[in-house]
Amino acid sequence: MLTKRIIPCLDIKNGRTVKGVNFVDLRDAGDPVELAKQYANLGADELVFLDISATLEGRKTMYDMVLKVAEQVNIPFTVGGGISSIEDVDDLLHCGADKISINSSAVKRPELINELSQKFGSQCVVVAIDAKQIDGKWMVHLAGGTIPTDLNLFDWAKEVEQRGAGEILFTSMNNDGTKAGFANDALTKLSEIVNIPIIASGGAGSTQHFIDAFERGNADAALAASVFHFGEIDILDLKKDLRNNNIEVRL
Amino acid sequence: MSVVIVDYGAGNIKSIQFAFKRLGIEAKLSNDPTIIKAANRVIFPGVGEASSAMKMLKQSGLDDIIPKLKQPVLGICLGMQLMCNGSEEGDTKGLGIFNVEVKRFSNQVKVPQMGWNTITNLKSELFNGIKENEFMYLVHSYYAEQCEESIATTDYEFTYASALQNENFYGVQFHPEKSSTAGERLLKNFLEL
């Protein structure tokens, strides 16, 4: 049976992880390659690297990092942040990334999703959607959630599926950073509307939140950052708890 | 031991090359028939769409070369699918190495299947040291049906063939290069066939 996935997310700036991590047994907690290896050993099912470098130099460093991760890590990983062209994707896949994630660039030019899925296959095209619930309506936001749009989350999700996205990474801005649980109602509705896998993001604070995202939210995967980085939730323990709750995971 | 990864422009071959590097083997990338024929082991990868991958294969004349190879050959993901009789994807005629058709999952399940699933009914030395119900990483919308040449099966919507063998030709639907230590073991087994 296909299992539910647990995905740690690493924010990368100029080739280093930011926001800090708290693993005692790492020589260099800022080195994304070491962290990636650590997570792979702990039972993470996939990894997501989000490049938040603002400079060209930072972008170039990112390619070196992707190459090193591909060289040393034996589980799949996705790279996102600042990707806006076929060339960007070609370069990242050539460095060994398994999937790429696009967000603002897809909203600005939705044809990009068609072009990428035709050229590289749907399986490597993840569309990330940041949305915020305003007056009961889930509205898509851009540029790390700073710019609101007129797009409705569910309409946009349907459109990205039709254009060839292989997966949706949905971050609820209402939940992100709260550690109060994922946006399960929106997740459920997304799963009803589209027929591609949904990664839940934003709000993880406890094991129960992951159970809810899978059971109530019907998510296919759940992504989190700080609860993993700071050792608040141990991935192996989390997966054991999920299995004890009859949720299929890889152990 | 010389390992050649067939480089015909389809797919993420870097990961496969790195997976062999972790096993201490420098796998070469090539589309040169002479180099491919001379290798001890041949990896036939593929990611993307079937009909365009087959077109690229034909352009380099490799559609003739691959079915005639005598050494162990391992098709991965779309590589495995192209080794079958044909695929519903782009109505593509395959290399006919495996006597089976490739079909699309229905919309009863999420398509693509993406993530870790188990392999069972393991029937080949390719799986030495790999236990029944081991997890492998899969990403695919099309599958090979259960058939006589199945050497592993997986359940998604129904039971399908997640690995195939016909003489020296092997094919796996999953990605051993991305399937943690179990995948590495499979690649090691392939080198030891």
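**A tour of the aromatic pairs and the A–B interface**

Start in chain B and select B:F105, B:Y143, B:Y156, B:F158 and B:Y160, which form one aromatic cluster. The model you have open is a predicted one. Over all chains, a search of the whole structure finds 13 aromatic pairs.

**Chain A: an edge-to-face pair**

Next, select A:F182 and A:F210. Their ring centres are 5.5 Å apart and their planes meet at 70 degrees, so the pair is edge-to-face. A:F182 lies in the loop between strand 9 (167–172) and helix 7 (184–193) of chain A, while A:F210 is in helix 8 (residues 207–215) of chain A, so the pair ties together parts 28 residues apart in sequence. Colour by accessibility here: A:F182 is buried, with a relative accessible area of 5%, and A:F210 is buried with a value of 0%.

**Charges over rings**

Select A:F154 and A:K189. A:K189 lies over the face of A:F154, at 4.3 Å from the ring centre. For a case in chain B, select B:R41 and B:F190: the charged end of B:R41 sits over the ring of B:F190, 6.0 Å from its centre.

**The interface**

Now show both chains and select the residues in contact: 38 residues from chain A and 30 residues from chain B. Between them, chain A and chain B bury about 2,600 Å², of which 53% is on carbon and sulfur atoms. To see where chain A contributes, pick A:L2, A:N74 and A:N195; in chain A they lose the most area to chain B, together 26% of what that side buries.

Turn to the polar part. Three salt bridges are found across the interface of chain A and chain B. For one of them, select B:K21 and A:E71, which form a salt bridge with the closest N and O atoms 2.7 Å apart. Between chain A and chain B, 18 residue pairs are in polar contact, counting pairs with both residues at pLDDT 80 or more.

Finish on the helices of chain A. Helix 2 (56–72) and helix 3 (86–94) each supply at least two residues of the side of chain A that touches chain B. Helix 2 of chain A gives the most to that side, with four residues.

Technical notes:
Residues are numbered from 1 along each chain as its sequence is written. Chains are lettered from A and ligands numbered from 1 in the order in which they are written. This is a predicted model: local features need pLDDT of at least 70, side-chain atom pairs count only at pLDDT 80 or more; totals for chains, interfaces and linings use all residues. Side-chain values use heavy atoms; hydrogens and water are left out. Rings of Phe, Tyr and Trp (its six-membered ring) pair if their centres lie within 6.5 Å; planes under 30 degrees apart count as stacked, over 60 as edge-to-face and the rest as tilted. Buried means under 20% relative accessible area, exposed over 50%, partly exposed in between (1.4 Å probe, protein chains only). A charge sits over a ring if NZ of Lys or CZ of Arg is within 6 Å of the ring centre and within 35 degrees of the ring normal. Contact means heavy atoms within 4.5 Å. Buried area is the accessible area (1.4 Å probe) that two parts lose on being put together, summed over both. A salt bridge is a side-chain nitrogen of Lys or Arg within 4 Å of a carboxyl oxygen of Asp or Glu. A polar contact is a pair of N or O atoms within 3.5 Å; within protein, one must be able to donate a hydrogen and the other to accept it, and residues adjacent in sequence count only if both atoms are side-chain atoms.
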